[in-house]
Amino acid sequence: MDPEYFQSHNMSWGTLGTVRPFPNFHPEQDAREIRTALQNKDAVTVVRILTNRTNAQRQVIAQTFEEMTQKDLAVGVKKAMSGELEILLLELLMPPVQYEAFRLQQAMVGLGTDEETLLEILCTRSGEKLREISAMYKLLFKKDLEKELRGETSGDFSNLVLALLNKDNFAVGVQKDIESLSASLNGKKADAALWINILTSRDSDHLNKVLDGLELQRGQTVDQTLDKKFTGDVRQGLKVLVQCIQNPGVYLAKRLVKAKTPILQGIMISHAEEDLLCIRAAYLKLTGTSLYTALQKQYKGDHLQALLAL
C-alpha cells in the first residue's frame with residue numbers, strides 16, 4: 001500500500017473516517033492535473049485526486065482551478081464526465097453543509113417525500129449542525145427549511161421532524177425521564193408528544209441511559225415497545241431516532257444494505273470523513289460481507305473505483 005496512506009493515517013490517528021487529509025498537499029499540482037484530465041476525459045486521474053483529498057482540500061483545489069483557468073471546476077466536470085460518476089464527483093465538490101442541504105431538498109422535490117432520508121439526516125446531525133444546514137438551505141433554495149418540512153409532513157410525524165430540526169439539550173434527571181416514558185406506555189396509546197420532547201431535547205449519553213433503564217423496567221427492547229404502542233410514520237420515525245441514539249453506525253449500515261445509488265452515495269460522502277469505518281464494521285457484522293465486496297458486486301468501471309476509494 002502507498003506509504004503516504006500511512007502518513008495520512010498517522011496525521012489523523014483516532015479518526016473513524018476513511019478519507020483523511022492528503023499529506024504533502026499541492027493544490028496547484030492537483031488543479032493542473034485535473035485540468036489536463038478533463039480536457040482528455042481522463043476519469044481515472046480525476047477520481048484518484050478527488051477521492052483522496054478531504055472536502056476542505058477539494059475546496060482549495062476548486063478555488064485554485066478557477067484562479068488558474070477562470071472556469072468553474074464543477075462545470076468542467078459536467079462537460080467531461082457523465083452518468084453516475086459525474087453525479088458522484090459533483091457531490092464530492094460540494095462543501096459538507098451545502099451537501100446536506102442539497103440532500104434534504106432532493107428528498108422533498110417532486111412527487112412523494114423520501115421520509116427515510118429526512119430522518120437519516122435529522123437524526124444523525126447535531127442541533128448546531130442542523131442550524132447551519134437550515135441557513136444554507138435558505139441561501140441555496142430561497143426557502144425556509146422548517147416551512148418546507150411542515151408542508152411535506154403531517155400529524156405526529158411532522159411534530160417529530162420539526163422537533164428534530166430544532167433539537168437542543170436540556171439537563172433533566174435520567175430516572176425522571178425513565179418514569180415519564182414508562183408511564184406514557186400504560187394506556188392503549190402512548191403519548192407521542194412526550195416521546196418526541198424527551199428524545200429530541202437530551203444528549204445521547206443521557207438518552208442511552210434512559211433507553212437502557214426503560215428496557216430493564218419494561219422487560220422488552222424499546223424497538224418492541226414502539227412497535228406495540230405507535231403506528232404509521234411516527235412509529236417509523238421514533239424507531240429510526242432510537243436506532244441513531246443507540247448506534248448510528250448500525251442504522252446507517254442497515255440503510256446501505258438495499259440502498260439505491262443516490263442513497264448509498266449520500267451516506268458514503270456524508271460520512272467518509274467522520275465515521276464510515278464504523279459503518280463498514282457494522283455492515284460486515286450485519287451481512288457477513290464487507291461493504292467493499294458488496295460494492296464490487298453492484299458497480300463497475302470508474303464509478304466503482306471512486307466508491308472503493310471512498
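Reader: Which residues are buried in α11?

Author: Happy to start there, with the note that this is a predicted model. Helix α11 spans residues 155–165 and is mostly covered, since eight of its eleven residues are buried. Those residues are Phe157, Ser158, Leu160, Val161, Leu162, Ala163, Leu164 and Leu165.

Reader: Thanks! Which helices do the buried residues of α11 pack against?

Author: Contact here means heavy atoms within 4.5 Å. By that cut-off, the partners of the buried residues in α11 are α8 (115–124), α9 (127–141), α10 (145–152), α13 (192–199) and α16 (232–246).

Reader: Is threonine 45 buried or exposed?

Author: Threonine 45 sits in helix α3, residues 43–51. Setting aside neighbours within four places in sequence, threonine 45 is in contact with Glu33 and Ala37. The cut-off for buried is under 20% relative accessible area. Because threonine 45 has 14% relative accessibility, it counts as buried.

Reader: On to charges: which residue forms a salt bridge with aspartate 30?

Author: Side chains of opposite charge can pair when their charged atoms come close. For aspartate 30, the closest N and O atoms of the pair are 2.8 Å apart, and the partner is arginine 53.

Reader: What does the pair of aspartate 30 and arginine 53 tie together?

Author: Aspartate 30 belongs to helix α2 (residues 27–39), while arginine 53 lies in the loop between α3 and α4 (55–69), so the pair joins parts 23 residues apart in sequence. Both aspartate 30 and arginine 53 are buried. The parts tied together are thus helix α2 and the loop between α3 and α4.

Reader: Why does glutamate 120 count as buried?

Author: Glutamate 120 meets arginine 103 in a salt bridge, at 2.9 Å from N to O. This pair links distant parts of the chain, with glutamate 120 in helix α8 and arginine 103 in helix α7 (residues 96–108), 17 residues apart. Arginine 103 counts as buried because its relative accessibility is 7%. Glutamate 120 counts as buried because its relative accessibility is 1%.

Reader: Which residues are linked with Arg103 and Glu120 in a network of salt bridges?

Author: The structure holds twelve salt bridges. In the network, Arg103 and Glu120 are linked with Glu100, Arg125, Arg255 and Glu274.

Reader: Lastly, what is the relative accessibility of arginine 150?

Author: Arginine 150 forms a salt bridge with glutamate 146, their closest N and O atoms being 3.2 Å apart. Both lie in helix α10, four residues apart, which is about one turn of the helix. Glutamate 146 is partly exposed, with a relative accessible area of 26%. Arginine 150 also counts as partly exposed, because its relative accessibility is 43%.

Technical notes: Residues numbered from 1 in each chain as written. Predicted model: local features only at pLDDT ≥ 70, side-chain atom pairs only at ≥ 80, totals over all residues. Heavy atoms only, no water. Buried < 20%, exposed > 50% of the residue type's maximum accessible area, 1.4 Å probe, protein only. Helix = DSSP H or I, 4+ residues; strand = E, 2+ residues; numbered from the N terminus. Salt bridge = Lys/Arg side-chain N within 4 Å of Asp/Glu carboxyl O.
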